[in-house]
Amino acid sequence: MVTVHPTGISPADVLAVARRDATVRLDPAAVAAMAASRAVVDGIEAAGRPVYGVSTGFGALANTFVAPERRAELQHALIRSHAAGVGAPMPREVVRAMLLLRVRSLALGRSGVRPLLAEALVDLLNHGITPWVPEHGSLGASGDLAPLAHCALVLLGEGWVLGPDGERLDAAPALRAAGLAPVELAAKEGLALINGTDGMLGMLLLAVHDAAHLFTMADVTAALAIEAMLGSERPFLPELHAIRPHPGQAVSAANIHRLLQDSRVMDSHRDDLAHAVQDAYSMRCAPQVAGAARDTLEFVRTVAGRELRSVVDNPVVLPDGRVESTGNFHGAPLGFAADYLAIAAAEVGAIAERRVDRLLDVARNRDLPAFLSPDAGVNSGLMIAQYTAAGIVAENRRLAAPASVDSLPTSGMQEDHVSMGWAATKKLRTVLENLTSLLAVELLAGVRGLQLRAPLVPSPAGRAAVAALAPVAGPPGPDVFLAPVLAAARDVVAGPDLRAAVERELGPLG
């Protein structure tokens with residue numbers, strides 16, 4: 001159960017509703033806050049004062065007065081016209097996050113809507129009704145107008161919803177099947193349903209959670225690769241990172257150092273005078289790159305947390321009864337943060353691919369067979385897995401180009417600077433999906449390298465990784481159909497089990 005308070009919700013609440021279908025309820029205090037702000041809007045209506053979005057048109061039509069008898073029609077027309085997205089549907093988890101975050105925004109009591117509007121959104125969530133939201137349409141300017149309009153249209157009994165198998169269905173029968181009635185909008189309510197950053201924020205919150213897991217798994221796969229390549233553990237000593245006190249770097253270095261302990265593979269060359277004095281950057285500088293990504297993530301987490309406490313509607317009802325126009329719906333804070341995190345995640349993947357390439361190269365992998373195949377020549381081993389990784393790195397570099405600098409003016413130059421925050425957060429999700437695949441290739445290469453070091457026994461992390469992949473990867477030998485093995489490795493990286501197995505042996509990783 002997730003309760004929406006007039007003070008908001010937590011990132012964990014968003015994850016619970018988006019990914020685990022948690023039930024949602026409105027706190028009575030939130031209902032009271034919405035009723036109080038609605039009374040202010042009703043007063044404006046009665047007085048006949050011109051207020052944007054209440055008694056006027058929208059955007060470039062802000063100076064067009066709308067007669068009282070047509071204001072409900074204005075709100076319905078707004079939703080229909082703004083539900084203008086195209087393309088494939090957004091994932092269910094993103095749409096559920098959007099719905100919950102719009103409930104949160106309304107429940108803050110600054111939007112001037114009736115409580116029944118938030119209750120109707122809660123009903124969609126609790127009945128498992130997910131609007132079909134096309135991927136293209138938002139500029140992250142007046143918030144996520146088109147995506148939120150596709151959500152709001154379902155409340156009117158119009159538009160589309162996602163079917164059980166992802167198919168597109170009409171909304172009206174879905175509402176009837178759930179015993180829900182369409183909503184009739186009153187003044188200001190259509191605007192309040194669509195004028196917010198909920199799509200951007202939902203994607204950013206999901207990305208923050210995923211990136212935190214992946215950056216820890218990047219330490220795990222880096223340690224496996226370093227161990228398999230007979231790398232040194234000395235660059236990860238804590239005293240070396242205390243003299244450059246970036247917090248994320250210290251955490252990653254501590255993780256990798258712990259992951260390399262209790263390893264017969266590491267013991268085999270620790271005192272070897274012929275061992276390389278310095279490892280390559282991709283090994284030695286792993287904490288500097290992954291640690292910088294961790295620090296970037298902390299900045300992004302802070303930005304998302306602030307937005308989760310923010311009122312992002314326009315206009316807003318202030319506690320003293322004033323109704324003021326605002327630019328708080330502009331997505332620049334979220335767009336900048338998403339672009340920054342995409343850059344960091346792309347580099348975590350890029351350095352992982354460099355370690356994979358090194359593991360496969362007989363000239364650099366310290367006596368492992370070419371491409372980690374015991375019978376290279378007839379067999380190609382992981383040669384093309386590295387091609388795949390290289391292609392993904394190239395795509396992530398393209399996706400790391402910032403979307404937030406790509407403003408295009410709209411609405412007759414009324415909205416003459418837009419954030420592109422929707423595009424920034426959407427492509428961030430793709431970068432993280434790609435990072436998962438890159439770490440899967442490194443995991444497989446690290447495991448294969450450790451298997452080839454037998455009879456030397458690897459670290460606890462290495463043993464756990466071998467155990468996780470052995471059922472599908474098998475021992476080193478003739479080439480096999482590699483795509484299913486990579487898919488399994490990807491599931492291991494994305495899931496909790498390998499990390500849990502490692503932490504049972506070593507304690508919690510940073």
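1. The side chains of Asp357 and Arg364 are joined by a polar contact of 2.6 Å, a polar contact being a pair of N or O atoms within 3.5 Å, where, within protein, one atom must be able to donate a hydrogen and the other to accept it, and where residues adjacent in sequence count only if both atoms are side-chain atoms. The pair also meets in a salt bridge (2.6 Å, N to O), a term that requires a side-chain nitrogen of Lys or Arg within 4 Å of a carboxyl oxygen of Asp or Glu. Salt bridges that share partners join Glu353, Arg354, Asp357, Asp361 and Arg364 into one network.

2. This is a predicted model, in which local features need pLDDT of at least 70 and side-chain atom pairs count only at pLDDT 80 or more, whereas totals for chains, interfaces and linings use all residues. Residues are numbered from 1 along each chain as its sequence is written, and side-chain values use heavy atoms, with hydrogens and water left out.

3. Asp357 is found in helix 15 (residues 332-360); helices (H or I, at least four residues) and strands (E, at least two) are DSSP runs, numbered from the N terminus. Asp357 counts as buried because its relative accessible area is 18%, while Arg364, at 27%, is partly exposed. Here buried means under 20% relative accessible area, exposed means over 50%, and partly exposed lies in between (1.4 Å probe, protein chains only). Not counting residues up to four places away in sequence, Asp357 touches Arg364 and Gln386, contact meaning heavy atoms within 4.5 Å.

4. How many salt bridges does the count come to? By the rule given above, the count comes to 28. One of them joins the side chains of Asp313 and Lys188 (3.0 Å, N to O). This pair links distant parts of the chain, 125 residues apart, with Asp313 in the loop between helix 14 (286-308) and strand 7 (316-317) and Lys188 in the loop between helix 7 (171-177) and helix 8 (189-194). Both Asp313 and Lys188 are buried.

5. Arg270 forms a salt bridge with Asp267, and the closest N and O atoms of this pair are 2.3 Å apart. Arg270 is partly exposed, with a relative accessible area of 33%, and Asp267 is also partly exposed, with a value of 37%.

6. Asp13, which lies in helix 1 (residues 11-20), deserves a separate point. Is Asp13 buried or exposed? Asp13 is buried yet has no salt bridge, and the nearest side chain of opposite charge, that of Arg20, is 7.7 Å away; for charge, Lys and Arg count as positive and Asp and Glu as negative, while His and the chain ends are not counted. A polar atom of the Asp13 side chain does lie 3.0 Å from the backbone nitrogen of Ser10. Leaving out residues up to four places away in sequence, Asp13 touches Val2 and Leu100.

7. Ala107 lies in helix 4 (residues 92-107) and counts as buried because its relative accessibility is 0%. Beyond its neighbours within four places in sequence, Ala107 is in contact with Val4, His5, Pro6, Leu26, Ala30, Ala33 and Met34. Val122, in helix 5 (residues 115-126), is buried as well, with a relative accessible area of 7%. With neighbours within four places again set aside, the contacts of Val122 are Val24, Leu26 and Val103. Val122 and Leu26 are 96 residues apart in sequence, and their C-alpha atoms are 8.1 Å apart in space.

8. The second largest pocket holds about 360 Å³ of space. Of the 17 residues that line this pocket, the closest to its centre are Arg19, Asp210, Leu214, Thr436 and Ala494. On a 1 Å grid over the protein atoms alone, a pocket is an open set of points where a 1.4 Å probe fits, with protein on both sides within 12 Å along at least five of seven lines, and lining residues have an atom within 4 Å of a point. Helix 9 (198-228), helix 17 (421-452) and helix 19 (482-494) each supply at least two residues of the lining, and the largest share, six residues, comes from helix 17.

9. For the protein as a whole, the secondary structure comes to 20 helices and eight strands, and the C-alpha trace spans about 90 × 50 × 40 Å along its principal axes. Of the 510 residues, 55% count as buried. Among contacts with a separation of 6 or more, 79% are between residues 24 or more positions apart.

Key. Grid points are joined across faces, edges and corners, and a volume is the space filled by probe spheres set on the points.
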